[in-house]
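The sequence and structure come first, followed by notes grouped by topic.

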Amino acid sequence: MEKNKMKILYEKNELNFAIICIVVYCVLQSLANPLNEIIGIEYSASAIFCILQAVILLGFIQKNNLRERYGLCKSLVPARRFLYYVPLLILITRNFWNGAAVNLNLAGTVCYIACMLCVGFVEEVIFRGFLFKAMAKDNVKMAIIVSSVTFGLGHLLNLVNGSGAALAENLFQVTGAIAIGFLFVVLFYRGGSLLPCIITHSAINITSAFANETGLTIEKRILFQLVLFVITVAYAFILTRMLPKHL
């Protein structure tokens with residue numbers, strides 16, 4: 001979408017704008033997978049598409065003075081009231097709970113890191129920013145649920161878009177994404193800043209390139225997922241008690 005057309009659509013209906021951004025993002029991610037194979041470098045097309053989307057969205061937000069509305073600013077709430085973000089640091093280590101490994105060649109690793117860095121930004125802006133803010137004007141609770149669930153269910157695309165994700169692996173992605181999505185939307189709503197969500201999201205994605213899958217049994221996956229759920233739910237609950245409402 002051209003920037004002027006983006007602004008017209010945004011001003012006309014913020015929710016429709018958010019939905020279109022999500023659809024465009026999902027379509028481009030799906031198209032990137034076969035292009036990666038044609039190019040011969042893993043995540044090369046994915047990185048290009050994500051970088052372009054990140055630049056366009058950032059430019060749109062800055063041009064229209066929407067940085068504070070969508071949390072691209074420092075939180076006014078002191079870090080101590082977020083428990084100094086320690087639970088987020090623990091979540092970032094999730095991909096190393098079974099050890100570390102190098103899963104891609106050098107070119108693939110560079111493209112993957114570039115892609116995932118931008119994915120963290122793009123997904124947080126469109127799901128926690130555009131979608132949540134558009135819906136929260138009418139119903140905050142519903143906005144929190146929809147933002148979290150749609151973010152998680154969006155990972156089901158990995159089953160059909162040529163990414164090669166297996167069913168069990170994908171279901172773990174979906175459930176984990178819903179839990180983390182819920183925590184992130186609480187962080188944004190209560191703290192007013194999307195930056196901790198973007199940083200954590202990008203870090204989790206990037207470190208997945210170095211996760212060790214060897215010996216990772218279904219029992220271990222379930223255990224790790226339970227730990228993730230406990231951390232995210234407990235932290236979100238604590239934040240709702242410690243932080244003021246912010247919108």
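## Salt bridges

E213 has 44% relative accessibility and therefore counts as partly exposed (buried means under 20% relative accessible area, exposed over 50%, partly exposed in between; 1.4 Å probe, protein chains only). E213 pairs with R221 in a salt bridge whose closest N and O atoms are 2.8 Å apart; the term requires a side-chain nitrogen of Lys or Arg within 4 Å of a carboxyl oxygen of Asp or Glu. The search of the whole structure finds 4 salt bridges.

Another salt bridge joins the side chains of E14 and R69, at 2.9 Å from N to O. E14 lies in helix 2 (residues 14-39) and R69 in the loop between helix 3 (44-63) and helix 4 (86-92), so this pair ties together parts that are 55 residues apart in sequence. Helices here are DSSP runs (H or I, at least four residues), numbered from the N terminus. E14 is buried at 9% relative accessibility, whereas R69 is partly exposed at 28%. A network of salt bridges links E14, R69 and K137.

## Basis of the values

This is a predicted model in which local features need pLDDT of at least 70 and side-chain atom pairs count only at pLDDT 80 or more, while totals for chains, interfaces and linings use all residues. Residues are numbered from 1 along each chain as its sequence is written, and side-chain values use heavy atoms, with hydrogens and water left out.

## R128 and its surroundings

R128 and E124 form a salt bridge with the closest N and O atoms 2.6 Å apart. Both residues lie in helix 5 (residues 106-136), 4 residues apart, about one turn of the helix.

V185, in helix 7 (residues 167-191), is buried at 0% relative accessibility. Leaving aside neighbours within four places in sequence, V185 is in contact (heavy atoms within 4.5 Å) with R128, F132, I144, S147 and S148. The C-alpha atoms of V185 and A114, 71 residues apart along the chain, are separated by 24 Å.

N205 lies in helix 8 (residues 195-207) and is buried at 15% relative accessibility. With neighbours within four places in sequence left aside, N205 is in contact with Y112, M116, V119 and G120.

## Aromatic pairs

A search of the whole structure finds 12 aromatic pairs. Rings of Phe, Tyr and Trp (its six-membered ring) pair if their centres lie within 6.5 Å; planes under 30 degrees apart count as stacked, over 60 as edge-to-face and the rest as tilted.

Y10 and F60 form an edge-to-face pair, 5.5 Å centre to centre with 75 degrees between the planes. This pair links distant parts of the chain, with Y10 in helix 1 (residues 3-12) and F60 in helix 3, 50 residues apart. Both Y10 and F60 are buried. F82 and Y85 form a stacked pair, 4.9 Å centre to centre with 15 degrees between the planes. F82 is buried, with a relative accessible area of 2%. One aromatic cluster is formed by Y10, F17, F60, Y70 and F130.

Note on methods: Helices (H or I, at least four residues) and strands (E, at least two) are DSSP runs, numbered from the N terminus.
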